[in-house]
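Try each task before you read its solution.

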Amino acid sequence: MEQNRTIIGVDLGGTNMRAGLVVGDQLRDVSQCLVPKTMDADVVTQALIDTINNIITPEVEGIGIGVPGLVKASTGVVYDLQNIPSWKKIPLKKILEKEFDRPVYINNDANCFAVGERVYGAGRDYDDFVGLITGTGLGAGIIKNGHLLPDQNCGAGEFGMIPYRDHHYEYYCSGQYFESVHGISGAELAQRASTGDAKALAIFAEYGKQLGNAIKTILFSVDPNAVVLGGSVVRSYPYYKEAMWREIATFPYQFVLENFVIVPSVVKEIAILGAAALYIDAAAD
């Protein structure tokens, strides 16, 4: 990576919007504000423009934006963000390219995580991997031949929505599992597990089994070299790692597992860096 390459990455969440100035592989500056709670789409868009303006410099080559929803990949039109209800069909790429006179790339947050790991994290070692976020939901981005897998609506990798048992994978393989099934937060469960609490460890083992089943589905679907795990639940990885691998070991094509690895993410500010990596991924084409 060019050491002086300067990009802005934007993490557009449901509560906060955060723009970061990324120089080389370093996050140099961050601007943030609350997402306006309004049904006026233009107010939200202007808040985003102002947030970017706070840190933009003449050296900035391009802008990448991660959003928690679907985007029309070819046009950069953002559709129906659950946490920003005023944005129903916003041509965000067109608006921002006109405002800043720089290329703008937009994708969903799970894809940003995957491409961020490819450029800045553990994914640098793998040309074919899945970035799997285990947080409040279960999302994934797919890297194939060193690049983000192209798709129509930035929705490839939505393994969490695949039906599983009496719900879907997200219900059993994200942080929802602990609250919905066992009535305890993941943070409290991890604290109990750290003291050796047998019940807490048993819950994590059951979670690991479910996640192992989801990863087997990923192996059938995508056949990656690796899975890079991110999201809040990965902080408890030591408590469910063994049960997860025990389930993965039942995968019927054993030769597939010989070189397959799972790597927890350790990259800080991956949401901003991942958005910035959209520009790098596109520029490498």
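**Exercise 1: two helices in contact**

Helix α7 (residues 198–222) packs against helix α8 (residues 237–248) at an angle of about 40°, the axes being 7 Å apart. Before starting, note that this is a predicted model, in which local features need pLDDT of at least 70 and side-chain atom pairs count only at pLDDT 80 or more, while totals for chains, interfaces and linings use all residues. Residues are numbered from 1 along each chain as its sequence is written, and side-chain values use heavy atoms, with hydrogens and water left out.

Task: classify the packing of α7 and α8, and list the residues in the contact.

Solution. 
- Step 1, conventions. Helices (H or I, at least four residues) and strands (E, at least two) are DSSP runs, numbered from the N terminus. Axes are lines fitted to C-alpha atoms, for helices over the stretch in contact, and angles run from 0 to 180 degrees between N-to-C directions.
- Step 2, class of angle. Angles under 35 degrees count as roughly parallel, over 145 as roughly antiparallel, 65 to 115 as roughly perpendicular and the rest as oblique. α7 and α8 are therefore oblique to each other.
- Step 3, residues. On α7 the contact (heavy atoms within 4.5 Å) is made by L201, F204, A205, Y207, G208, K209, L211, G212, N213, I215, K216 and L219, and on α8 by Y239, Y240, A243, M244, E247 and I248.
- Count Ala, Val, Leu, Ile, Met, Phe, Trp, Tyr, Cys and Pro as nonpolar, Asp, Glu, Lys and Arg as charged, and the others, Gly among them, as polar. The contact of α7 with α8 then has 12 nonpolar, 3 polar and 3 charged residues.

**Exercise 2: another partner for α7**

Task: describe how helix α6 (residues 186–194) packs on α7.

Solution. 
- Step 1. The two axes are 8 Å apart, and the helices pack at about 120°.
- Step 2. α6 and α7 are therefore oblique to each other.
- Step 3. G186, L189, A190, R192 and A193 of α6 meet A200, L201, I203 and F204 of α7.
- Step 4. By class, this contact of α6 with α7 has 7 nonpolar, 1 polar and 1 charged residues.

**Exercise 3: α3 and α9**

Task: find the relative orientation of helix α3 (residues 109–120) and α9.

Solution. 
- Step 1. Their axes come within 7 Å and cross at roughly 75°.
- Step 2. That makes α3 roughly perpendicular to α9.
- Step 3. Contact residues include F113, V115 and V119 of α3, and L273, A277 and I280 of α9.
- Step 4. The residues of this contact of α3 with α9 divide into 12 nonpolar, 2 polar and 2 charged.

**Exercise 4: two open sheets**

Solution. 
- Step 1. Two strands pair if DSSP finds at least two bridges between them.
- Step 2. Antiparallel strands β6 (residues 77–81) and β7 are joined by 3 bridges, and V78 stands opposite I90 in β7.
- Step 3. Strand β10 (residues 138–144) pairs with β11 in the antiparallel sense over 2 bridges, with I143 opposite L148.

**Exercise 5: a link across the sequence**

Solution. 
- Step 1. A salt bridge is a side-chain nitrogen of Lys or Arg within 4 Å of a carboxyl oxygen of Asp or Glu. The whole structure has 9 salt bridges.
- Step 2. The side chains of E269 and R18 meet in a salt bridge at 3.0 Å, N to O.
- Step 3. E269 lies in the loop between β15 (261–264) and α9 (270–283) and R18 in strand β2 (residues 16–23), so the pair ties together parts 251 residues apart in sequence.
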